[in-house]
Amino acid sequence: LIVLFPNIFWAVFMRSSDRLGKGIRTGARDALLAHESTPANRGKVFGFHRAMDTVGAFIGPTIALWWLLTHRGEDIKHIFYLALIPAALSLAALLFLRDHKTKGTSPDKIPKLSKSFSYWKESSPVFRKTVGGILLFTLCNSSDLFLLLALHTLHDGLTNCYFGICFTANEIVILYYILYNFIYALFAFPAGYISDKLNPKIVFISGLVFYTCTYAGFGYMMYNNVDPGYLPILLMIIYGLFAALNDGVSKAWVSVLVPKEEKGAALGFLAGAGSIAILFASVSAGLLWTLINPWTVFVITACLTFVVIFYLSTFTSKPEIEK
C-alpha cells in the first residue's frame, strides 16, 4: 500500500500500521514457540524460527536486487507489487494452523490486556536483572537502517565493482543486506543449539562483542571517510553473527526464567518494552547523525554496548532450567 500514494505522510501511516501489526503478533508468536518447546530445546526452537524467518529476508532482497540489475531505469514499484505474492501466501498458510483449545477457562481467569505492561512489578529479581540488561542494550540498538545509510554514504560516487559486476550505491547496499541475512540465517539455528547445550548468557554476550566490533568498525570508516574496500563485507558478516547469537537466544533465555503460565506476559513485556527502547535508540541516533556527525552514532553505540557487556557479565547468572 505504500506505493499507491507516494507522499511522506502516507508512508509514515503505513509503516506505523506495519509496526502495529508486528507489535500484536510478536509476543503471541514467541509465546506459542515457548509453549510448544521444552527447556532442553527452547534455544533450538527459537533459533530455527529466526533462521527460517531470515531465509525469507535473504530471498526477498535477492529477488529485488535481480530485478534492479535486469530492469535498470524502470519503475521500482514493481518490486512492491511482487512482494504481495509471498505476503498473500503467508497469510493463507495461517489457515492450516490450529490452536489448542483451553477447556474450562472462565472469563474471570482470562488475563487482562494490561498484564504484560504490569508484569515487571510481579516478576522475579532474576527476570528483572536479565531483562533489564537486555533492554539496556536495546536502548543502544538503533535501527539497521543507519548501517545501510552509512554503507550508502561510503559507496556513493565510487565505482563499486565486485566479481566483474558494477553496482550503484543503492544496489551495493542491497547486496550487503543480502550478505547480512545469509550469515544470520546460516548461524541462527546453531546459535540456539549451543545456547541449549552451553549457556544462553554466554552466547548472548558473545553476540554483543560482535555488535561492538561492527559499530566500532563503522565508526572508524565514517570518521576517516576512507575508501571502504572489503572492510564493510567483513563487518556485515560479523553483524550477521551478532544477530544470530542474540535475537532468538534472548527470547529463549527469558522464557526459561518464568513459569509456564507467565511466558506470554513475560515475552509480551519484552517485545513491548523492546519496541519502545528501539524507538528511543533510533530517534537518538537520528539526532546524533543530523545535529553532530554520523560517526558519533557508531562510536557512542559501541561504547555503551561495552557497558552492557560488563553489566550482563557481572550482575546476571546462568539461568536455572525450569521444572
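1. A word on axes before the packing: they are lines fitted to C-alpha atoms, for helices over the stretch in contact, and angles run from 0 to 180 degrees between N-to-C directions. Helices (H or I, at least four residues) and strands (E, at least two) are DSSP runs, numbered from the N terminus. Please keep in mind that this is a predicted model, in which local features need pLDDT of at least 70, side-chain atom pairs count only at pLDDT 80 or more, and totals for chains, interfaces and linings use all residues. Residues are numbered from 1 along each chain as its sequence is written, and side-chain values use heavy atoms, with hydrogens and water left out.

2. Let me begin with helix 5 and helix 10 (residues 263-292), whose axes come within 8 Å and cross at roughly 30°. Helix 5 is therefore roughly parallel to helix 10 (angles under 35 degrees count as roughly parallel, over 145 as roughly antiparallel, 65 to 115 as roughly perpendicular and the rest as oblique). The crossing of these two helices is right-handed; a crossing is left-handed if the near helix is turned anticlockwise from the far one by less than a right angle, and right-handed if clockwise.

3. Which residues of helix 5 and helix 10 make the contact? Helix 5 brings Phe127, Val131, Ile134, Leu135 and Thr138, while helix 10 brings Ala266, Phe269, Leu270, Ala273, Gly274, Ala277, Ile278 and Ala281. Contact here means heavy atoms within 4.5 Å. By class there are 11 nonpolar, two polar and no charged residues. Ala, Val, Leu, Ile, Met, Phe, Trp, Tyr, Cys and Pro count as nonpolar, Asp, Glu, Lys and Arg as charged, and the others, Gly among them, as polar.

4. Helix 5 (residues 125-138) also packs on helix 9, at an angle of about 150° and with the axes 11 Å apart, so helix 5 is roughly antiparallel to helix 9. This crossing is left-handed. Phe127, Thr130, Val131, Ile134 and Phe137 of helix 5 meet Phe242, Ser250, Trp253 and Val254 of helix 9, a set of seven nonpolar, two polar and no charged residues.

5. Helix 9 (residues 231-255) has a further partner in helix 8 (residues 200-224): their axes come within 8 Å and cross at roughly 150°. Helix 8 is therefore roughly antiparallel to helix 9, and their crossing is left-handed. The contact of helix 8 with helix 9 has 22 nonpolar, six polar and one charged residues.

6. Leaving aside residues up to four places away in sequence, Thr301 touches Cys140, Tyr211, Tyr215 and Thr296.

7. On the cysteines, a disulfide is taken as a pair of cysteine sulfur atoms within 2.5 Å, and the count by this rule is zero. For Cys140, the nearest cysteine sulfur is that of Cys303, 10 Å away. Cys140 counts as buried at 9% relative accessibility. Cys213 also has the sulfur of Cys303 as its nearest cysteine sulfur, 13 Å away, and Cys213 is partly exposed at 38%.

8. Lastly, Ala88 lies in helix 3 (residues 77-93) and is partly exposed, with a relative accessible area of 46%. Ala88 and Leu245 are 157 residues apart in sequence and 30 Å apart in space, C-alpha to C-alpha.

How values were computed
Buried < 20%, exposed > 50% of the residue type's maximum accessible area, 1.4 Å probe, protein only.
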